[in-house]
Amino acid sequence: DAFQSIDLTEQIVVPKTYIIPKAEKPIEIDGKAERAWNSVSFTSSFIDIEGVKTPEFDTRVKMLWDESFLYVYAELEEPNIWGNLKQRDTIIYLNNDFEVFIDPSARTEAYAEIEINALNTVWDLLLNKPYRSGGYANFHWNLNELKTAVFLDGTVNDNSDVDKKWSVEMAIPMDALIELKNDKRKKIEEGDQWRMNFSRVQWEFDIENGSYARKKVDGKLLPENNW
């Protein structure tokens, strides 16, 4: 038999890494980057999910941790802040949103997903495995001790002005995340490595009767942008 050599170099994706500092004290969750975040680095800016294309608006994240919570802070540049979903566990990505994916087991199985819009409406769910592998989304899985806040540098649902950004702050309960680890007996320790990702869904829009609405062309919704 003859062996054929195939070069897969260009298809290999090396995940970016981020070292999460430990918080010196509990973080006040108000959506603002208070003093505790000053010395913490942002991630690189988000790119389009389809490649290295630079999105129209900037998005970056910071993280901290302690024994009780994983803290996430995100800034989303946005000249038009809007949203209409107000009930928890509705499908939040039908609005512009910010999303967090956390896999402490590093197996891409049993991972948490949290979505939030500019109205501070949360959808938290558990995936047994990725959708493309036939994964099931458990909508009933709730992070009961989750704390979230959104700060608006602008005005929501007001198309008469130009906004600057909205920012998100989360305290994600560590006990619930430890339950997703391979070894649930071990608390988080310095040096642990988790798989994490972040996403921003951004819809083009029209103004209908003075309100924002997802944009349609020939009666069909335009697909969302995923950054």
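Reader: Is Lys-165 buried, partly exposed or exposed?

Author: Lys-165 is partly exposed, at a relative accessible area of 26%. Buried means under 20% relative accessible area, exposed means over 50%, and partly exposed is in between (1.4 Å probe, protein chains only). Before we go on: this is a predicted model, where local features need pLDDT of at least 70 and side-chain atom pairs count only at pLDDT 80 or more, while totals for chains, interfaces and linings use all residues. Residues are numbered from 1 along each chain as its sequence is written, and side-chain values use heavy atoms, with hydrogens and water left out.

Reader: Ok. Which side chain does Lys-165 meet in a salt bridge?

Author: That's Glu-75, with N to O at 3.4 Å. A salt bridge here is a side-chain nitrogen of Lys or Arg within 4 Å of a carboxyl oxygen of Asp or Glu. The pair links distant parts of the chain, 90 residues apart: Lys-165 is in strand S8 (residues 165-173) and Glu-75 in strand S2 (residues 69-77). Helices (H or I, at least four residues) and strands (E, at least two) are DSSP runs, numbered from the N terminus.

Reader: And Glu-75, buried or exposed?

Author: Buried, with a relative accessible area of 18%.

Reader: How many salt bridges are there by that rule?

Author: The count comes to 10. Another one joins Asp-124 and Arg-88, at 2.4 Å from N to O. Asp-124 sits in strand S5 (residues 122-127) and Arg-88 in the loop between S2 and strand S3 (97-103), 36 residues apart. Asp-124 has 0% relative accessibility and counts as buried, while Arg-88, at 37%, counts as partly exposed.

Reader: What does Asp-175 form a salt bridge with?

Author: Lys-187, with the closest N and O atoms 3.4 Å apart. Asp-175 lies in helix H1 (residues 174-178) and Lys-187 in the loop between H1 and strand S9 (195-202), so the pair ties together parts that are 12 residues apart in sequence. Lys-187 counts as exposed at 53% relative accessibility.

Reader: Switching topic: what's the strand order in the open sheet?

Author: The order is S1-S2-S8-S7, 4 strands with antiparallel pairing. Two strands pair if DSSP finds at least two bridges between them. The edge strands, S1 (59-65) and S7 (147-153), each pair on one side only.

Reader: How many bridges join S2 to S8?

Author: There are 9, and the two strands run antiparallel. Lys-165 turns up again here, as the bridge partner of Glu-77.

Reader: What about the largest nonpolar core, how many residues has it?

Author: It has 35, and Val-72, Phe-98, Met-170 and Ile-172 have the most contacts inside it. A nonpolar core is a set of buried Ala, Val, Leu, Ile, Met, Phe, Trp, Tyr and Cys residues joined through side-chain atoms within 4.5 Å. A second, separate core has 11 residues, including Phe-69 and Ala-171.

Reader: Last one: where is Ser-105?

Author: Ser-105 is in the loop between S3 and S4, and counts as buried at 6% relative accessibility. Its side chain joins that of Asp-103 through a polar contact of 2.7 Å. A polar contact is a pair of N or O atoms within 3.5 Å; within protein, one must be able to donate a hydrogen and the other to accept it, and residues adjacent in sequence count only if both atoms are side-chain atoms.
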